[in-house]
Amino acid sequence: MGMILEARAVDYGYPGKAVGRDASLTLSAGDVLVLLGPNGGGKSTLFRTLLGLLPAQGGRVLLEGQDIAAMDRKMVARIAGYVPQSSPGYFPFTVFDTVLMGRTARLGLFSSPSRHDQAVAGRILSELGIADLADEPYTRISGGQRQMVLIARALAQEPRLLVLDEPTASLDYGNQLRVLQRIRSLASGGMAILLSTHDPNQAVLLDGSVALVHDGRLTGPGPAADIVTPASLWNVYGVEVDFITAPNLSAPAIRPRLA
Amino acid sequence: MSVAAAIRLGSSGWLAGLLVPAVLLLGVALAALTIGRIPVGFSDLIHVTLAALTGASGAVDPLVETVLLQVRLPRVLAALLVGAALASAGAAYQSMFRNPLVSPDILGVSSGAGLGAVIGILLSLPAVGIQAAAFIGGLVAVAVVYVIAMAVRRAHDPVLILVLAGVIVGSLLGAGISLGKYLADPYDKLPAITFWLLGSLASARLSDLPVLLPPVLLGLVPMVLLRWRINVMALDDEEARALGLRTGLLRALLIVAATLMTAAAVSTAGIVGWIGLVVPHLARMVAGPNFARLLPAAAMLGAGYLIAVDTLARTLAPVEIPLGVLNAFIGAPFFIMLLLRTRRIWA
């Protein structure tokens with residue numbers, strides 16, 4: 001399996017305002033990598049840099065072996081799908097049209113989505129179980145539904161790498177788990193997945209590798225069992241947690257202590 | 001509703017969203033040709049059309065024929081083009097700037113055209129020269145705004161910087177216009193300037209159409225071709241780029257297109273506000289936000305709206321009411337009504 005994403009000692013941030021330094025990671029097909037860290041810790045900035053939306057302030061980002069800084073946006077969008085934390089929705093496009101927008105990188109400059117593109121969008125809506133939302137304006141659906149639509153839009157790009165910025169942040173408990181399940185099945189289908197979360201339980205549940213993002217530094221990536229420990233969580237979040245193991249649990253459950 | 005139904009609706013909704021504006025436009029245009037101080041019946045209209053097509057004459061009063069072909073038809077056609085141009089440019093800008101409160105002169109094209117016209121009048125240029133000065137003024141103003149915005153390299157939100165630069169340059173040009181008025185001969189030039197700035201189609205001739213039509217069509221072409229990408233441009237800049245758009249290039253193209261159209265419209269009709277702001281809203285209510293339907297709906301509604309307002313301007317009172325004034329009197333309450341009726345036009 002070829003390497004899809006590689007970051008080599010990437011410094012990220014804005015000119016004159018560094019956010020983080022020296023981030024290195026690699027993702028191959030079928031890999032899941034979770035970036036775990038507190039809100040405002042620079043996860044989104046790192047994602048933007050890894051997607052070439054922000055220029056790296058140092059180091060290199062390689063997408064399928066090519067330097068992303070030299071790539072056309074269209075080529076990037078055919079490889080990497082991006083699910084932003086939220087998308088405001090300025091105009092009442094239907095959910096169907098919103099998902100169709102994911103097809104843009106596969107269209108000619110002057111083309112509109114074809115029957116085939118519509119079929120792809122329709123299939124993805126059905127697979128994600130939100131086909132009944134197709135005609136609803138994006139502006140009138142709930143936050144959780146929007147999150148699913150944004151995932152559908154990224155999947156409509158037919159990417160080999162899916163980057164999700166806090167995909168479960170605005171979801172209720174049930175939908176959080178459904179999204180995690182979806183992520184797992186996409187990965188077992190060969191998609192490389194990079195996502196961020198501030199919930200250590202999710203990082204452990206996904207059974208991939210984990211990197212901690214804290215104070216502008218990356219710890220890891222490595223196996224969840226090595227990276228997510230009571231000591232590292234105390235260091236990052238300043239809370240005390242218990243790791244609960246049981247014979248029927250494949251991974252430990254993490255429960256915070258209330259003082 | 002199912003996905004299959006949504007795909008089907010994609011094609012049938014096309015018709016529904018366009019039929020209403022098309023019928024309205026046709027009705028308003030026909031009515032505008034018949035209404036006026038010299039009444040013209042629909043039968044006269046048919047006869048004049050037949051006579052013009054076959055070359056035969058005699059069936060119609062020559063006065064009626066002159067009024068129709070030399071006076072009303074040029075005005076209706078000019079109103080059609082100006083209205084369609086302003087509404088199309090407004091629709092494109094509202095999508096691109098992701099803001100339904102944007103009008104086509106947000107980047108200073110109207111102020112630039114106004115200053116160009118003022119200079120033309122002060123220099124005693126002929127009518128065509130004033131029109132050309134206005135057109136060039138509009139283009140130069142937007143070019144200056146664009147260059148300033150590009151110079152702000154660290155812009156986190158390039159769209160916001162563009163709007164800011166537009167506001168700044170617009171008010172600077174406004175000061176230039178005021179200075180021109182202050183310096184102008186109060187008996188001769190000042191009324192001409194005031195009249196120009198108020199906007200009017202009273203002097204529209206058939207000979208204006210070859211000047212007006214090419215820039216309007218030239219501006220429409222990229223909007224039609226890029227119709228799908230304009231939808232994606234309505235997302236945040238970063239999202240649009242993540243979906244594969246070269247947003248900087250597309251934005252530049254659309255600004256050129258909208259500026260050509262608006263400058264042509266303003267240099268023919270003077271400053272006609274409101275259409276570029278209000279009509280795209282109306283079009284969005286009729287045809288939805290998808291630009292492939294929004295653009296034709298906006299163009300037709302804008303054309304119909306301006307024909308109607310111009311007809312009122314020349315018939316309501318014994319003296320012609322300035323188009324810009326009447327347009328604001330009608331446009332502002334109309335916009336308020338729209339806001340009240342649909343509290344969620346854009347949400």
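This is a predicted model: local features need pLDDT of at least 70, side-chain atom pairs count only at pLDDT 80 or more; totals for chains, interfaces and linings use all residues.

Biologist: OK, what is chain A built from?

Modeller: Chain A has nine helices and twelve strands, where helices (H or I, at least four residues) and strands (E, at least two) are DSSP runs numbered from the N terminus. Its radius of gyration is 18 Å, close to the 18 Å that the globule rule gives for 259 residues, so chain A is as compact as a globular protein of that length; the radius is taken over C-alpha atoms, and the rule is 2.2 Å times the number of residues to the power 0.38.

Biologist: And how much of chain A is buried?

Modeller: Of its 259 residues, 47% count as buried; a residue is buried if 20 or more other C-beta atoms lie within 10 Å of its own, exposed if 12 or fewer, and partly exposed in between, with C-beta atoms placed from the backbone. Among the contacts in chain A with a separation of 6 or more, 65% join residues 24 or more positions apart, a contact being two residues whose C-beta atoms, placed from the backbone, lie within 7 Å.

Biologist: In what order do the six strands of the open sheet run?

Modeller: The order is β6-β7-β8-β3-β9-β10 in chain A, with mixed pairing, and two strands pair if DSSP finds at least two bridges between them. At the edges stand β6 (80-83) and β10 (217-223) of chain A, each with a single partner strand, so one side of each has no neighbour in the sheet. Neighbouring strands of this sheet are turned by 15° against each other on average, direction ignored.

Biologist: Which helix packs on that sheet?

Modeller: That is α6 (residues 173-188) of chain A, which touches β3, β7 (161-164) and β8 (192-197) of chain A and whose direction makes about 155° with that of β8(A). For such angles, axes are lines fitted to C-alpha atoms, for helices over the stretch in contact, and the values run from 0 to 180 degrees between N-to-C directions.

Biologist: Parallel or antiparallel, how do β3(A) and β9(A) pair?

Modeller: Strands β3 (residues 32-36) and β9 (residues 209-214) of chain A pair in the parallel sense over four bridges, and the bridge partner of Val34(A) in β9(A) is Val210(A). By contrast, β9(A) and β10(A) pair in the antiparallel sense over five bridges, and they form a hairpin with two residues between them, where Asp215(A) in the turn has a positive phi of about 55°.

Biologist: Switching topic, how many residues does each chain bring to the contact?

Modeller: The contact takes 30 residues from chain B and 34 residues from chain A. On the chain B side, α9(B) gives the largest share, five residues. That side divides into 17 nonpolar, four polar and nine charged residues, where Ala, Val, Leu, Ile, Met, Phe, Trp, Tyr, Cys and Pro count as nonpolar, Asp, Glu, Lys and Arg as charged, and the others, Gly among them, as polar.

Biologist: How confident is the predictor in chain B?

Modeller: Chain B averages a pLDDT of 84, and 91% of the residues score at least 70; pLDDT is the predictor's confidence in each residue, from 0 to 100. Confidence in chain B is lowest in α1(B), at a mean of 71, and highest in α9(B), at 93, and pLDDT stays under 50 over residues 1-12 of chain B. The model scores ipTM 0.88 and pTM 0.87.

Biologist: Last one, what surrounds Met300(B)?

Modeller: Met300(B) lies in helix α13 (residues 291-315) of chain B, and Met300(B) is buried, with 28 other C-beta atoms within 10 Å. Not counting residues up to four places away in sequence, Met300(B) touches Pro21(B), Ala22(B) and Leu25(B). Met300(B) and Leu18(B) are 282 residues apart in sequence and 8.5 Å apart in space, C-alpha to C-alpha.

How values were computed:
Residues are numbered from 1 along each chain as its sequence is written. Chains are lettered from A and ligands numbered from 1 in the order in which they are written.
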